[in-house]
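Hi,

Here is the structure I said I would pass on. Have a look at it first, and then read my notes below.

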Amino acid sequence: MEELNATDGRYLRQAIALSALGSARGNRPFGAVVVGADGQLLAEAHNDNAATGDCTAHAEVNALRQLKREAMAGATMYASGEPCVMCAGAIFWSGIRRVVFGIDAVSLRRFRAKDATAADLQMSCRDVFAHSAEPFTVIGPALLAEASAPHQAYWGME
């Protein structure tokens, strides 16, 4: 299994910072960064579904929408939180085959349990990616304390 390296840590922290920015703008705290195979930043975004009213405006999808599919070959998706089923599907269709995430879905559910409207499909992104004929690399949870901090602030938990 691949380990988190210094580059992964840098871009995952950038995604975590974007999650806090989204939260400051009234959205749930999720951020995403896409980095090309050459190490260049391709896209970054935060969740803005509360601000836009678009239920698909998750951070990962917002980042993917900025790119042409051919730009994503060999790219890595850095997500502050484990990609949900919808985002995992979008990542699959994008051609990205490497994902690094912060807080995992199980930990997120503990925060979301305070809000009856915050339901999700209880499936790991690894479960979605396991159905691909192409191999995926998934690293996470990683930097869990850092990735959890925006959720603690957003959901009012210490």
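Trp93 is exposed, with 59% relative accessible area. Keep in mind that this is a predicted model, so every value here is computed from it. Trp93 makes an edge-to-face aromatic pair with Phe92, at 4.8 Å between the centres and 75 degrees between the planes. Phe92 itself is partly exposed, at 25% relative accessibility.

The search turned up four aromatic pairs across the whole structure. Another one of them joins Tyr11 and Tyr78: the ring centres are 5.6 Å apart and the planes meet at 35 degrees, so this pair counts as tilted. Because Tyr11 belongs to helix 1 and Tyr78 to strand 3, the pair ties together parts that are 67 residues apart in sequence. Both tyrosines, Tyr11 and Tyr78, are buried.

Now for helix 4, which covers residues 85-94. Which of its residues are buried? They are Cys87, Ala88, Gly89, Ile91 and Ser94. These buried residues pack against helix 3, strand 3, strand 4 and helix 6. Just past the end of helix 4, Gly95 has a positive phi of about 95 degrees.

On to the core. The largest nonpolar core has 39 residues, and the ones touching the most other members are Val34, Met77, Tyr78, Ile91, Ile96 and Phe129. Helix 1 (residues 6-24) gives the largest share of this core, with five residues.

Ala32 sits in strand 1 (residues 31-35) and is buried, with a relative accessible area of 0%. Beyond its neighbours within four places in sequence, Ala32 is in contact with residues including Ala15, Leu18, Ala43, Ala59, Ala63, Met77 and Tyr78. Leu18 is 14 residues from Ala32 in sequence, and their C-alpha atoms are 7.1 Å apart.

Last, the cysteines. How many disulfides does the whole structure have? The search finds zero. For Cys84, the nearest cysteine sulfur is that of Cys87, 3.7 Å away, and a disulfide would need the two sulfur atoms within 2.5 Å. Cys84 is partly exposed, at 26% relative accessibility. Cys125 is in no disulfide either, and the nearest cysteine sulfur to it, that of Cys84, is 9.7 Å away. Cys125 is buried, at 0% relative accessible area.

Cheers

Methods. Residues are numbered from 1 along each chain as its sequence is written. This is a predicted model: local features need pLDDT of at least 70, side-chain atom pairs count only at pLDDT 80 or more; totals for chains, interfaces and linings use all residues. Side-chain values use heavy atoms; hydrogens and water are left out. A nonpolar core is a set of buried Ala, Val, Leu, Ile, Met, Phe, Trp, Tyr and Cys residues joined through side-chain atoms within 4.5 Å. Buried means under 20% relative accessible area, exposed over 50%, partly exposed in between (1.4 Å probe, protein chains only). Helices (H or I, at least four residues) and strands (E, at least two) are DSSP runs, numbered from the N terminus. Contact means heavy atoms within 4.5 Å. Rings of Phe, Tyr and Trp (its six-membered ring) pair if their centres lie within 6.5 Å; planes under 30 degrees apart count as stacked, over 60 as edge-to-face and the rest as tilted.
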